[in-house]
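Hi,

Here is the structure I promised to pass on to you. Have a look, and my notes follow below.

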Amino acid sequence: MARARGLSGPLFLVLGMAAGITVGRRWLDVVEVRGGSMAPSLLPGDRLLVESRTYRLRAPRRGEVVLAADPRTPERELIKRVAAVDDASGSAELLGDDPAASTDSREFGAVPLATIRWRAAYRYWPPQRVGRV
Amino acid sequence: MLTIRSLMRPSRIVDAHCDIPCGIYDPEQARIEAESCLRIIEKHDASEDKLFRARCIHVKEERAELVKHHLDVLWHDYFKPEHLEKYPDLHDTFWKASKQASKVKQSLDAAAARELLAMIDTIDEMWKATGGPEKTRVNGRPS
């Protein structure tokens, strides 16, 4: 996501939160992580700032941490890392960072890009691990 | 009123999930049912009571079916592609063990039941070598 260099983390966080209110959580939102499949990058209970701007402008890229509807239970929202993007079929492979503790594309296959709308941008909780995702 | 606290409250939960329910796996579950099969076959063979023998057959078939179920769960839920890289014969091992469980279900062959136990022990070794005891059992059980 394009943003000015030099913004310090906490400032970005505050601006992000403020922007979040103004756009009514359509562009920015805060979510809590449940489960350990993204360890050690994300741990259960981590709280994240997520944004939906980027994927309106371009497709998700390999390496990004994204929210996606669970293809088997669409009302559930998953958080996983993009392992591969196939532009031809418009789908992405999602994997957990801890493969032994993850149910992901190895099991349910690639997911349509259209079901990936949010990108995990920033962890604001817990305080000792604040930073970009 | 909007406070920092309310702003920081997550609007929803996102799942870095591993399949619900529990991620608890242990080949011991299959082994206990297979041990039941073996013991029931022995009791069947030692008895003259027709009714008892009929019950033995009935219960043994149920237990053998449970062996197959527990093996299936381990096979498609616990074991993952990276385990297959480490154990290229993983699928074959499970396939043969399931077939062996069918054999135990169909017959009263104690040797077949012992063979099934040995096959489950092979799977148990794979489970242990892939970190199963640490990852898929709850710690703290008195030993």
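In helix H2 of chain B, Ala30(B), Arg31(B), Ala34(B), Glu35(B), Cys37(B), Leu38(B), Ile41(B) and Glu42(B) meet Ala110(B), Ala113(B), Arg114(B), Leu116(B), Leu117(B) and Ile120(B) of helix H6, where contact means C-beta atoms, placed from the backbone, within 7 Å. The residues of this contact divide into 10 nonpolar, no polar and 4 charged. (Ala, Val, Leu, Ile, Met, Phe, Trp, Tyr, Cys and Pro count as nonpolar, Asp, Glu, Lys and Arg as charged, and the others, Gly among them, as polar.)

Please keep in mind that this is a predicted model: local features need pLDDT of at least 70, side-chain atom pairs count only at pLDDT 80 or more, and totals for chains, interfaces and linings use all residues. Residues are numbered from 1 along each chain as its sequence is written, while chains are lettered from A and ligands numbered from 1 in the order in which they are written.

Back to the helix pair: H2(B) spans residues 28-46 and H6(B) residues 110-129, and they pack at an angle of about 165° with their axes 9 Å apart. Axes are lines fitted to C-alpha atoms, for helices over the stretch in contact, and angles run from 0 to 180 degrees between N-to-C directions. The two helices are therefore roughly antiparallel, a label for angles over 145 degrees.

Chain B as a whole has 7 helices and 1 strand, in the order α-β-α-α-α-α-α-α. Helices (H or I, at least four residues) and strands (E, at least two) are DSSP runs, numbered from the N terminus.

Next, the cores, which are sets of buried Ala, Val, Leu, Ile, Met, Phe, Trp, Tyr and Cys residues joined through C-beta atoms within 7 Å; buried means 20 or more other C-beta atoms within 10 Å of a residue's own. In the largest nonpolar core, of 28 residues, Val50(A), Val66(A), Leu67(A), Ile79(A) and Ala120(A) touch the most other members. Strand S7(A) supplies the largest share of this core, 5 residues. A second, separate core of 23 residues includes Ala64(B), Val67(B), Tyr78(B) and Ile120(B).

Overall, 30 residues of chain A are in contact with 18 residues of chain B. On the chain A side, S1(A) gives the largest share, 6 residues, and the classes come to 15 nonpolar, 7 polar and 8 charged.

Best wishes

Note on methods
Parallel < 35°, antiparallel > 145°, perpendicular 65-115°, else oblique. Contact = placed C-beta atoms within 7 Å. Buried ≥ 20, exposed ≤ 12 C-beta atoms within 10 Å, placed from the backbone.
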